[in-house]
Amino acid sequence: MALSFFTKNKKALLARCRDDYATKMRLKYAPYYHAMEAQRGTTVRLDGRDMVMLSSNDYLGLSFHPKVIEAGRAALLKWGTSTTGARISNGSRAFHVELEEKIAAFVGREACHISAAGYISCLSSVASFAQKGDVILADKNIHSCLWDGIRLSMATVERFSHNSPDDLRDVIAATSPDATKMLVIEGVYSMEGHIARLPEITEIAEEHGCFTVLDDAHGFGVLGRQGRGTADHFGLNDKVDVLCGSMSKSLASTGGFVAASREVIEYLRTNSKQTVFSAAISPSQVACAQASLELMQSEPQHLEKLWANTKKYRAMLKSLGLDTWESETPAVPIVLGSKERVYPFWKALLEKGVFTVMSIAPAVPAGKDLIRTAISAMHTDEQLEKIAAAMAYAVKKL
Ligand SMILES: Cc1ncc(COP(=O)(O)O)c(C=O)c1O
C-alpha cells in the first residue's frame, strides 16, 4: 500500500515536469539559457556570431579588468579553488574578513557578512531577522530573493504600491501599532530602473519604528559617492538598518553582502540558516570583488563612463519612441506590453547582433512585458551605434 502511494506521487511529479506549459514554451522558443561560445568584455559569441551583450549587469565593466583578473588568479594559487564548507564548521579565511571590513568601511557600517550569492545575502537579510507575528511592509515589485526571505520568515506581509510613500503610509496605518515591523525595499529596482523614494519612505518607516532592509544590488557601484549606493546618494545611510546587495554586478564577481551594525551582523551569523548551512564564498570570487571595490575608489572613470553611456542610450531609445518605464539608471527596460510584441522585438535584436532578455508576466506586472537591458561602462561607441541600428530595426518589426 505504502509503496503504491509513493509510486503514484512520483509519477504525478514526473507528469508535472513533462507537462509544464512554461517549460514547453521556453523550449519551443528558446529565448533563455543560450550557451555562449566565447566572451570578451561586452562581446559574446553565439552560434559563431559576435554579439553585443546588453543584458548582463557588469555596470562598471570590471569583469575583464586586468587587475581584477590578476587578483582572482593570485587568490586561486594562494588559497586553492574552494572553501569546501561553511564558515561555522571549517572556519573563515583571512580574505573573507578582509573584504567584509573593506565593504563595511566603504558603506559606513560597523560590520559586514559576505556569502556565496547575492540571492542568499538578500534572502537572509529578511529571513534571519523577521519572525512569525511580525509585520513586513514590502514594495510590490521587490526581487524574488526578498519574497523568498519573507516567506521563510513566517511573518505577516503587507504589500504597498511600487515606490509609493502615500500607499505605504495608508498600509502601515492599518497595522497594529504594537507589532514589530520591518520595511523591505530595493535601492534601484532591477526591472524598472527606478530609484527608491528613500527620503519619504524612510521617514514613514522611522515614524512607525520599522527595521529597514534595503537591497541595493543595482544601486551599489552605480549611485552615491564612488558608487556607495542609494542610501549614500540621498545621504540617508543612518536610516537603513540592513544594507544588502550582490557582488555579481558592479563588483564583477559572484556572491553577496549584508552590512549593518556589529550586533545585527553577529545575530545574522548565529541565526541565518543560509549562512550556517552553506559553504563560504570561494577565494577567487572574494579576491575579484575586493579588486573591483578598490578600483571603484581609485579609477572614477568607470562610473563616469557608465553614466555617459546610459545618457546616450536612453536618448537613443527616446528618439525611437520606446517606453523605458521612466528608468533613471543603467538598468533600462523597454516596455512593450505583451508577450506577442516582446518576442519579435527580442528576435529582431538578436538577428542584428544584440543580445537581450525578455521579461514577461508574471515576472513583471501584467501589461508591462518588456525587454530588460543594462548598460555597462564597457560598451564602446561603436557598440552603442550597433545597438541603435538594431533597435531601429526592431521597432519597424512591431
Ligand atoms: C535586486 C536583486 N537582489 C538580489 C539579487 C541576487 O543577486 P545574485 O544574482 O548575485 O545572486 C539580484 C539579482 O538578480 C537582484 O536583482
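This note sets out, point by point, the domains, sheets, helix contacts and ligand shell of the structure above.

1. Basis of the model. The structure is a predicted model, in which local features need pLDDT of at least 70 and side-chain atom pairs count only at pLDDT 80 or more, while totals for chains, interfaces and linings use all residues. Residues are numbered from 1 along each chain as its sequence is written.

2. Domains. The domain assignment of the protein gives domain 1 (26-55 + 300-397) and domain 2 (66-298); such bounds come from an automatic or database domain assignment. Taken over C-alpha atoms, the centres of domain 1 and domain 2 are separated by 27 Å.

3. Where the domains meet. Contact involves 16 residues of domain 1 and 12 residues of domain 2; two residues are in contact if their C-beta atoms, placed from the backbone, lie within 7 Å. On the side of domain 1 that touches domain 2, α14 (301-319) and β11 (331-335) each supply at least two residues. The residues of that side comprise nine nonpolar, four polar and three charged. In this classification Ala, Val, Leu, Ile, Met, Phe, Trp, Tyr, Cys and Pro count as nonpolar, Asp, Glu, Lys and Arg as charged, and the others, Gly among them, as polar. Helices (H or I, at least four residues) and strands (E, at least two) are DSSP runs, numbered from the N terminus.

4. Strands of a sheet pair through backbone hydrogen bonds, either parallel or antiparallel. Here two strands pair if DSSP finds at least two bridges between them.

5. β1 and strand β2 (residues 43-46) pair in the antiparallel sense over three bridges, and R40 has T43 in β2 as its bridge partner. β2 and β3 also run antiparallel, joined by four bridges, with D50 in β3 as the bridge partner of R45. By contrast, strand β3 (residues 49-53) and β12 pair in the parallel sense over two bridges; V52 stands opposite V354 in β12.

6. The two hairpins. The hairpin of β1 and β2 has two residues between the strands, and G41 takes a positive phi near 60 degrees there. The hairpin of β2 and β3 likewise has two residues between the strands, and in it D47 takes a positive phi near 50 degrees.

7. The three-stranded sheet. A further open sheet has three strands in the order β11-β14-β13, with antiparallel pairing. Because β11 and β13 (357-359) stand at the edges with a single partner strand each, one side of each is left without a neighbour in the sheet. From one strand to the next, the twist averages 35 degrees. β11 and strand β14 (residues 370-374) run antiparallel and are joined by five bridges; A374 in β14 is the bridge partner of A331. Helix α15 packs on this sheet, touching β13 and β14, and its direction makes about 40 degrees with that of β14.

8. Helices α15 and α16. Two packed helices are described by the angle between their axes and the distance between the axes. Axes are lines fitted to C-alpha atoms, for helices over the stretch in contact, and angles run from 0 to 180 degrees between N-to-C directions. Helix α15 (residues 339-351) packs with helix α16 (residues 381-397) at an angle of about 145 degrees, and their axes are 8 Å apart. P344, F345, A348 and L349 of α15 meet A390, Y393, A394 and K397 of α16. These contact residues divide into seven nonpolar, no polar and one charged.

9. Helices α6 and α7. The axes of α6 and helix α7 (residues 144-153) come within 7 Å and cross at roughly 35 degrees. Among the residues that make the contact are Y119 and C122 of α6 and C145 and L146 of α7. By class, the contact has nine nonpolar, four polar and one charged residue.

10. The ligand shell. Of the 14 residues around the ligand, G118, S190, A217, S246 and S248 come nearest; a residue is near a molecule if its C-beta atom, placed from the backbone, lies within 6 Å of it. Helix α6 (residues 118-127) gives the most to the shell, with three residues. The shell has five nonpolar, seven polar and two charged residues.
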